[in-house]
Protein chains: 2
Amino acid sequence: MSKYDLSQDLKRITSTTMADIVELRLREYLKKKSFKPGDPLPKELELAEALGVSRNVVREALSRLRMLGMIESKKKRGMILARPDILGAFERVLDPLIIDKDTLQDIFELRLVLEIGLADLLYIRKTDKDIEELEHIAKNEVRTESSFRIKNEIAFHGKLYEISGNDTLKRFQNMLLPIFGYVVASEKEFRSGKVTHSDLVEILKKGNKEDFRQGMLEHLKPHFDKLEKTETTDTLTD
Amino acid sequence: MSKYDLSQDLKRITSTTMADIVELRLREYLKKKSFKPGDPLPKELELAEALGVSRNVVREALSRLRMLGMIESKKKRGMILARPDILGAFERVLDPLIIDKDTLQDIFELRLVLEIGLADLLYIRKTDKDIEELEHIAKNEVRTESSFRIKNEIAFHGKLYEISGNDTLKRFQNMLLPIFGYVVASEKEFRSGKVTHSDLVEILKKGNKEDFRQGMLEHLKPHFDKLEKTETTDTLTD
């Protein structure tokens, strides 16, 4: 473990600017002094003097922390430590156009892992109203226009994340959607397993969580098949 | 969907500084002009003139993009668009000390979802060498000192993510570790299900992916039980 951590740290230090150093120092300071959300921060000028750098550099570093939602400016009270929005920063760099191919594939697999693992939370938290809404979405599955099918696909799976009752998970999947859309659009044909959305709703109504997981595996089967195929090809060409 | 997107956008505009506006404009510009990784960016001064703002504000906005790994400065070539490190930004705000309780709980659940969903990737990618390493880690499970058990727990589950062959997933779990450590440490006793790490290795050797998933569910049972219990309590007090 420690080896792995070390390589991560070393990676982060490369191509350092003054703003990088000041940002790091401020993070260390906030941690060392056990700042809590709501606590007021020292003024920009005080920080610049203590660090022996210009106010511009301090402003640059503070601006980064503000972007991450770690600090907020309050009228009369000045800057305070805020509750950061942990997914906000992530969202800013999630653009399929600038993410490399391997990472896109990784994220696509992450979706498969999440949807198979979701069954337990769904069975703990699903309500009759949820099932009704899901049934309504699934009814429209039969329409064949490709653009509609992708939208419907997103609505159905998005509703499943909503039922999980986990806001972080729901927001996470919501911001991964452009990635899935990009991967799906780059495939030659729209593929779905033998188990349809309507079948999945039936299982949620009458079956147990194991039945649902099997159903979801069957529903996502074309994607898993593709992974297995790629894996075999990789081994053969090694 | 469009309704939800709208509310996200509106949320982002609140408490706007000049750096926020310039950052947004630069993002829109990069997208509109279809910048690709490696493409050179206009100079700071040119950007400031085009936007009608000071160089300091442009520098602040560029500094944010640099922090997210979206742009890099190259000697002689100036700034270029880079491949962003999608998890780097996320990592910066993941500190259990400043994350609120609900989000901590969400992230803990996310781990449960991932570990149950991981079985399919594991069975596609595991090698004999992986199993050997896992077996070695599991052998030490019997030692009872609490600090050692937590380290061993992390080593075992970390190795599973490594076997998944998904770098994004592995890094993701690696940066979630402080959160898990925090949640586990806040529990009164170290709890583990009837299925041990050694049992899980045996299943990986001889059983199929369904056996493994059942084993993992049993291994994580105390955590799932706690979720069900909380859920029931919530409903009763509603």
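This is a predicted model: local features need pLDDT of at least 70, side-chain atom pairs count only at pLDDT 80 or more; totals for chains, interfaces and linings use all residues.

Residues are numbered from 1 along each chain as its sequence is written, chains are lettered from A and ligands numbered from 1 in the order in which they are written, and side-chain values use heavy atoms, with hydrogens and water left out.

Let's begin with charges. Over all chains there are 38 salt bridges (a side-chain nitrogen of Lys or Arg within 4 Å of a carboxyl oxygen of Asp or Glu). One of them pairs A:Arg125 with B:Glu109 at 2.8 Å, N to O. A:Arg125 sits in helix α7 of chain A and B:Glu109 in helix α6 of chain B, so this pair joins two chains (helices are DSSP runs of H or I, at least four residues, and strands are runs of E, at least two, numbered from the N terminus). A:Arg125 is buried at 16% relative accessible area, and B:Glu109 is buried too, at 2% (buried is under 20%, exposed over 50%, partly exposed in between, with a 1.4 Å probe and protein chains only).

Within chain A, A:Lys129 and A:Glu133 form a salt bridge of 3.1 Å. Both lie in helix α8, four residues apart, about one turn of the helix. A:Lys129 is exposed at 56%, whereas A:Glu133 is partly exposed at 32%.

Now over to B:Ile80, in strand β2 of chain B. B:Ile80 is buried, at 6%. Leaving out residues up to four places away in sequence, its contacts (heavy atoms within 4.5 Å) include B:Asp39, B:Leu41 and B:Ile71.
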